[in-house]
Amino acid sequence: MLRSPLQSYKTISLETAPPGQLVLMLFDGAIKFLEKAMLGFDIEDPLEMNETVHNNITRAQDIINELNSTLNMDQGGKIALVLRDLYGYMDNKLFESNIRKESQGVQEVIDRLDTVQAGWSEMLELESAIA
């Protein structure tokens, strides 16, 4: 199967990105899926709306669960504990929003992910400035 140049670039980017950058990419992916889910709430056809919302929420949940499962609880200290609780909260909020087909919980998770992503990005910038 031939790959497009964009697919090849994305694959190489993922394979060569430092771990901190990979986390940023995961945040970005989760946010993008949730933004697509938000757009799905405006679809008039009920079947298409349900599929769009459900598929994009579950993709975001997969990413959040991956972020949660890769936390280093031994070395992460209090921050890892807080993130574990936050990821669990976000997963539950998305589960409820998906079942009820309510956009408020999805938007709340987007807002929280934006905040965590901004903090993570700032931390990486500080690390690179020190190095």
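The structure is a predicted model, in which local features need pLDDT of at least 70 and side-chain atom pairs count only at pLDDT 80 or more, while totals for chains, interfaces and linings use all residues. Residues are numbered from 1 along each chain as its sequence is written, and side-chain values use heavy atoms, with hydrogens and water left out.

**Overall architecture**

- The chain has 5 helices and 0 strands; helices (H or I, at least four residues) and strands (E, at least two) are DSSP runs, numbered from the N terminus.
- Read from the N terminus, the order of elements is α-α-α-α-α.
- Of the 131 residues in the chain, 32% are buried; buried means under 20% relative accessible area, exposed means over 50%, and partly exposed lies in between (1.4 Å probe, protein chains only).
- Among contacts with a separation of 6 or more, 59% join residues 24 or more positions apart, a contact being heavy atoms within 4.5 Å.
- The chain has an accessible surface of about 8,700 Å², and carbon and sulfur atoms account for 56% of this area; the areas come from the Shrake-Rupley method with a 1.4 Å probe, and for residues only the protein chains shown count as cover.

**Helix H4 and its ends**

- Helix H4 covers residues 73–100 and spans only 33 Å between its end C-alpha atoms, whereas a straight helix of 28 residues would span 40 Å at 1.5 Å a residue; the expected span is 1.5 Å times one less than the number of residues.
- The N-terminal end of H4 is capped by Asn72, which places a side-chain oxygen 3.1 Å from the backbone nitrogen of Asp74. This is a polar contact (a pair of N or O atoms within 3.5 Å; within protein, one must be able to donate a hydrogen and the other to accept it, and residues adjacent in sequence count only if both atoms are side-chain atoms).
- The buried residues of H4 are Ala80, Leu83, Leu86, Tyr87, Met90, Asp91, Leu94, Ser97 and Asn98.
- These buried residues pack against helix H2 (19–40), H3 and helix H5 (103–130).
- After H4 comes Lys101, located in the loop between H4 and H5.
- Lys101 has a positive phi, near 55°, although this residue is not glycine. With a relative accessible area of 25%, Lys101 is partly exposed.

**Helix H3 and Asn56**

- The end C-alpha atoms of H3 are 34 Å apart, which agrees with the 34 Å that its 24 residues should span at 1.5 Å a residue.
- Buried positions in H3 are Met49, Val53, Asn56, Ile57, Ala60, Gln61, Ile63, Ile64, Leu67 and Asn68, and their cover includes H2, H4 and H5.
- Asn56 belongs to helix H3, which covers residues 46–69. Asn56 counts as buried because its relative accessibility is 7%.
- The side chain of Asn56 lies 2.8 Å from the backbone oxygen of Thr52.
- When residues up to four places away in sequence are not counted, Asn56 touches Phe33, Lys36 and Ala37.

**Salt bridges**

- The whole structure contains 4 salt bridges, each defined as a side-chain nitrogen of Lys or Arg within 4 Å of a carboxyl oxygen of Asp or Glu.
- Lys93 and Glu108 form a salt bridge through their side chains, at 3.6 Å from N to O. This pair links distant parts of the chain, with Lys93 in helix H4 and Glu108 in helix H5, 15 residues apart.
- Glu108 also forms a salt bridge with Arg112, and the closest N and O atoms are 2.9 Å apart. Both residues of the Glu108 and Arg112 pair lie in helix H5, 4 residues apart, about one turn of the helix.
- Through shared partners, salt bridges join Lys93, Glu108 and Arg112 into one network.
- Glu108 is partly exposed at a relative accessible area of 22%, and Arg112 is partly exposed at 35% relative accessibility.
- Glu96 and Arg100 form a further salt bridge, at 3.9 Å from N to O; both lie in helix H4, 4 residues apart, about one turn of the helix.
- Glu96 has a relative accessible area of 36% and is therefore partly exposed, while Arg100, at 54% relative accessibility, counts as exposed.
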